[in-house]
Amino acid sequence: MLKKTDYIQNKILAELLESGAQKGDPIPSRHQLCRKYHCSRTTVERAIRNLVESGYLCARQGARTYVHEMRPDKRIHTLYLVADTQPSQELSLSLRDLLFQGGLSEIQVIGIGAGQLSGFFSRICLPGNAVVWLMPSMSNIHIMDFFAANKVPQLLLNRKYKTYSHVITDSKASIREGMEWLIRKGGPEITLIAQAAGTMHPYQYDRILAFFESAVELKAELKPDSLFIREFRDVPGEISEIASTLFHRTRRPESIFILGSNLVIPFITASRSFGLNPGTDFKLLCFDRLESLSGYPGICMLAQRFDLIYQEVQRWIQVCLTPEGESFHSEIKTERMEF
């Protein structure tokens, strides 16, 4: 991913940091660096020149090259907010205000799209930089691994991959609380309509698992013909088919849980075509908040607390500054909104 010069530059800097090099300490000779990294003298010269220009080293003609400033406090100076799409300048500023709310004003915040990351690798891998991933897709895991190998602090927002630091919605606690409401209001026999987990919807793994675990704990009644977990390539058509199957039964469902915000409105529309409505004919639990359904009787929404998720970035930065603070795992429960 990195050019050879950038790779050598980052290796030199990383090893100086690990060895505890102080201002005034000499670095290995060019010849030693060429042998150690199996590269040409030209590559080493370019790498050192970059480090001199960045202020880490001091070089004088005809003399050894010395450490100038290693930033031993390990402060985060620049935070890269990485999204799947290119954030606008306005969005980057809004996110900065939301993340810091007047605090940590000395940190520069730069918003970039995942597709543009290749042009930032060498810059991001320098000390003093960190990455916050905004709901990243699984396709970015190899880039996370690359940054981790170069000791770049990273935090994933509302996604959990491998052992990387993350702040996510607490699926288990949230769904259990929602299902308690659903069972209390509509009865223990629950119908599940859920978007299948996959590369495009990795968060569904935890949520579907949380549903089944909560169902067992709360002694809910689950029947195979009342569980609809699909990829939903044709949402209106498939939801209409499911609604027809459910509402033509002798005993219509009274407790319905929809796990996928894009499925809720189509299901309500389909139910109305059969003359049925939430509240009067069945109770509906859904994950995420839909403004158009606020105040609608018979519906409970599990609204994710993105405000609290973003605020955790400040706490993560403080943890990054402590010697023992290598990982950061935080889970935020949804707000239950019932009407």
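Of the residues in the largest nonpolar core, which touch the most other members? Keep in mind as we look that this is a predicted model. The largest nonpolar core holds 25 residues, and the ones touching the most other members are Ile193 and Phe267. If you want to see where this core comes from, at least two residues each are supplied by helix H9 (235-247), strand E10 (255-259), helix H10 (261-273), strand E11 (283-287) and strand E12 (299-303). Helix H9 gives the most to this core, with 6 residues.

Let us stay with Ile193 for a moment, leaving aside its neighbours within four places in sequence, and look at its contacts, which include Phe228, Phe232, Ile239, Ile242 and Leu246.

Now for the cysteines: how many disulfides does the count come to? The count comes to 0 disulfides. For Cys34, the closest cysteine sulfur is in Cys39, and because the two sulfurs are 5.1 Å apart, they are too far for a bond, given that a disulfide needs sulfur atoms within 2.5 Å. Cys300 is in no disulfide either, and the nearest cysteine sulfur, that of Cys286, is 7.6 Å away.

Are these two cysteines, Cys34 and Cys300, buried or exposed? Cys34 counts as buried because its relative accessibility is 13%, and Cys300, at 0% relative accessibility, counts as buried as well.

Note on methods: Residues are numbered from 1 along each chain as its sequence is written. This is a predicted model: local features need pLDDT of at least 70, side-chain atom pairs count only at pLDDT 80 or more; totals for chains, interfaces and linings use all residues. Side-chain values use heavy atoms; hydrogens and water are left out. Buried means under 20% relative accessible area, exposed over 50%, partly exposed in between (1.4 Å probe, protein chains only). A nonpolar core is a set of buried Ala, Val, Leu, Ile, Met, Phe, Trp, Tyr and Cys residues joined through side-chain atoms within 4.5 Å. Helices (H or I, at least four residues) and strands (E, at least two) are DSSP runs, numbered from the N terminus. Contact means heavy atoms within 4.5 Å.
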